[in-house]
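Colleague: I would like to learn how to read a model like this one. Please take the features in turn.

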Amino acid sequence: IPILIGRADKAVVFSEHLLANGVFAPAIRPPTVPAETSRIRVTVTSEHSTAQIDQALAGFEQAGQAVGVL
């Protein structure tokens, strides 16, 4: 699942915030994607628990606020 961030530097910082909160979701940046379309790539499976998904959602909220995306 791609979550568009825009600038590559913001995507990297966003990904770092997620990792600090226990969520591995890498930043996908140019040249893999066009300029200004950097994103965070997330994979959710049936093996993820509700608690893990809640943790990820909280991490996304915190990272979004810290980076100024939300």
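**Burial, fold and pairing**

Modeller: Of the 70 residues in the protein, 30% are buried, where buried means under 20% relative accessible area, exposed over 50% and partly exposed in between, with a 1.4 Å probe and protein chains only. This is a predicted model, in which local features need pLDDT of at least 70, side-chain atom pairs count only at pLDDT 80 or more, and totals for chains, interfaces and linings use all residues. Residues are numbered from 1 along each chain as its sequence is written, and side-chain values use heavy atoms, with hydrogens and water left out.

Colleague: In what order do the elements of the protein run from the N terminus on?

Modeller: Helices (H or I, at least four residues) and strands (E, at least two) are DSSP runs, numbered from the N terminus. Here the order is β-α-β-β-α, with two helices and three strands. The radius of gyration is 12 Å, close to the 11 Å that the globule rule gives for 70 residues, so the protein is as compact as a globular protein of that length. That radius is taken over C-alpha atoms, and the rule is 2.2 Å times the number of residues to the power 0.38.

Colleague: Which strands pair with S3?

Modeller: Two strands pair if DSSP finds at least two bridges between them. Strand S1 (residues 2-6) pairs with S3 (residues 38-41) in the antiparallel sense over four bridges; glycine 6 has serine 38 as its bridge partner. Strand S2 (residues 27-28) also pairs with S3 in the antiparallel sense, over two bridges, and isoleucine 28 is partnered by arginine 39.
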